[in-house]
Amino acid sequence: MSRLPEVLAPAGNPAALEAAVLCGADAVYLGAGAFNARRGAENFTLEHLADTVRRCHIRGVRVYLTLNIVVREDEIPQFLADAEAACAAGVDAVIVQDAGAAALLRRCAPSLRLHGSTQMVVHNAEGAKMLEEMGFSRVVLARECSKEEIREIIRSTSLEVETFVHGALCMSVSGQCYMSAVLGQRSGNRGLCAQPCRLPCKAGNSEHALSLKDMSIIGRAGELRELGVSALKIEGRMKRPEYVAAAVTACRKALAGEPVDLETLQSVFSRSGFTDGYFEGRLGAEMFGIRQKEDVTAAAGVLGGLETLYTDPRKQVQKVEADFRFTMKAGEPARLVVTDGDGNISEAAGEIPQAAVNRPTDPERAAASLSKTGGTPYHVRSVSCEIGEGLMLPASAVNALRREALGKLDGLRGKTRAIPFDRARAGAPRGHAPAPLPALRVRAYSARQLSPELLEGAELVTLPVPELVKLCENGAPAYADKLCAGLPRILFSGGEALEKQLSLLRERGIRHAAVGNPGAVKIAGAAGFMLHGEPFFNAMNSYAAETLAGWGLCDLLLSFEAMLDMAKRIQSPVPLGLTAYGRLPLMTVRNCPVKSFVGCARCKKGENFLTDRRGEILYTSCAYGCSEILNPVPLFMGDRLPELRGLDFVELRFSTESPEECGKLFETYRSGGEFHGKFTRGLLYKTVL
């Protein structure tokens, strides 16, 4: 039988931390400072982080600090300061999303364990292998992975694999949602998502076509253990402590083979119940749901009982096993030696025993006193007693020995074990001289959108792999030297088929590939393509650009959330660019709402959109694999071309545009001009929070 997975609990505030620890969590994840993906939670302070870690370690609970947001260029000094504080506090690991942040931590604190956030979009074996090569210890998989996909990833990597088992589901694949940022400058990738997906949005007969039910596969903990999952993660740093207590308790029961009370879990918090759709590979309308009145009122009947799970000392979980060795000899102070499972040893000396007048102290009486460890972290595994004949020691003296020895053991267990951190090792990324004028590149959804004039004028033209395969059916296509294979945005499975397609494209003279996640880098790099980084890496600092260049990227499009002025200040060894036109992808989703509520047949006939509460149309497309939900209005910069100088290239993203519109827009970006219709400047002139 495989070892038990770790039960990993959210701690958004001290009360939730207390609930997690006292209900038996093996580890907690929490935020302190500005670089965590739940900045709206109460969180913790860096000043008191060492004490928080100490208290958790005494209880046998590991602490993972979330440094898991995209880091802007101007935030690097503060990020380093926070990371140094985390190392000084002796955290057990940090969770990171930003590739540049990960590289910095590897340099400055090589002994610090790194966990790859789910927002790094690792969803296949190739992605896990990339993180393995970067020096990560653990990967947190995308929530959308099925049981079989999890199995394949675990088989393919030496990394610890962590999976979510309970809590909210984002509509978008984590790390690939820009809706909150584009609509309100509150970035989910930076910890301030405003959850616009929970607002009304219509598709077919659904009024909330972007809101999924919460997930719960706690009852499948045994299966996850057999798969080799290392950690069962509970989502919910914005939730109350009773929620944490209920979920941790349920996980422990499931791992013990006991029944799980899903009704109580659902009562404390759910959105129209739970779903296991992704785990089962069963997508569709039944996965959608919202928080309704009955969901809210159901909590009132269970919160009181759940609170006692961590407030009642009789119910608190004692995780730390301890062995007691008690010695009582004539003429010598009584002694107690306590050893825990981590090899810590504490010793206490007490009173000199007296000659017994009536009833001598025997092993049974001594063990009874020593075993009274209620209210402490310690579960007594064994007690051995060596007691001289005819001796007596008052129970109060034995109790005092126990308290002293356990207090000393607390000190040993809670001792801060700082991790060496050397900021001087961060280094300074080297840059390159930008081009005098940015080159024009095009990313299209269909080959039909491209005219010969556009193909001739563009520096690089990206098309989905299937579109390029069609162009190559009769041999090498025109302009093969500048055509770029746009890999699927997300590839949960089907890697072998993609590899065959890429091999065919190589034979037809295609040399370029556009990649947007670690797995895509691994696949296209192994096939021998020149790699062009997409905005989906969310790069917003010089260290991210440097790191991605080290992965083999020959150039990089910066994040959709990067400000124009900031983008020009980023130092990079490879050319950098920005998206300068197009309907920005607000989300990348696995469970397409149009497919679920409208159907693919109607979608192909033109019903390929959702309608938000303001009547705006959000088009969808699955041209690049998983469905993308597009912004209602396009980004346009054709009338501000001089402001794009300082970039090496810009990309025009054509999605819903006709061939004629694509041609006109391309010419506009060559010579400048106005846009006729509604448009946006995106986030190029806005500070994303």
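Start with helix α1 (residues 14-22) and α2, which pack at an angle of about 20°, their axes 10 Å apart. Because of that angle, α1 counts as roughly parallel to α2. On the terms: axes are lines fitted to C-alpha atoms, for helices over the stretch in contact, and angles run from 0 to 180 degrees between N-to-C directions. Angles under 35 degrees count as roughly parallel, over 145 as roughly antiparallel, 65 to 115 as roughly perpendicular and the rest as oblique. Helices (H or I, at least four residues) and strands (E, at least two) are DSSP runs, numbered from the N terminus.

The crossing of α1 past α2 is right-handed. A crossing has that label if the near helix is turned clockwise from the far one, and is left-handed if the near helix is turned anticlockwise by less than a right angle. Which residues make the contact? On α1 they are L17, E18 and V21, and on α2 they are T52, R55 and C56. Contact means heavy atoms within 4.5 Å.

A word on the source. This is a predicted model, in which local features need pLDDT of at least 70 and side-chain atom pairs count only at pLDDT 80 or more, while totals for chains, interfaces and linings use all residues. Residues are numbered from 1 along each chain as its sequence is written, and side-chain values use heavy atoms, with hydrogens and water left out.

Next, strand β3 (residues 62-67). Five of its six residues are buried, where buried means under 20% relative accessible area, exposed over 50%, and partly exposed in between (1.4 Å probe, protein chains only). Strand β2 (residues 27-30) pairs with β3 in the parallel sense over four bridges, and V28 stands opposite V63 in β3. Two strands pair if DSSP finds at least two bridges between them. From β2 the chain crosses through helix α2 (residues 49-58) to β3, a right-handed β-α-β crossover. Right-handed here means that, with the strands pointing away from the viewer, the path from the first strand over the helix to the second runs clockwise.

β3 also pairs with strand β4 (residues 93-96), in the parallel sense and over four bridges. L65 stands opposite V94 in β4. With helix α3 (residues 76-89), β3 and β4 make a right-handed β-α-β unit.

Now another sheet to look at. An open sheet of five strands has the order β8-β26-β27-β28-β25, with antiparallel pairing. Which are the edge strands? They are β8 (201-202) and β25 (585-589), each pairing on one side only. β25 and strand β28 (residues 627-630) run antiparallel and are joined by four bridges. M587 stands opposite I629 in β28.

N43 is found in the loop between β2 and α2. Its phi is near 60°, a positive value in a residue other than glycine. Is N43 buried or exposed? At a relative accessible area of 9%, N43 is buried.

Y479 also has phi near 60°, again positive in a residue other than glycine. Y479 lies in the loop between α17 (465-471) and β20 (483-486), and is partly exposed at 29% relative accessible area.

G281 sits in the loop between α11 (277-280) and α12 (293-298). With a relative accessible area of 53%, G281 is exposed.
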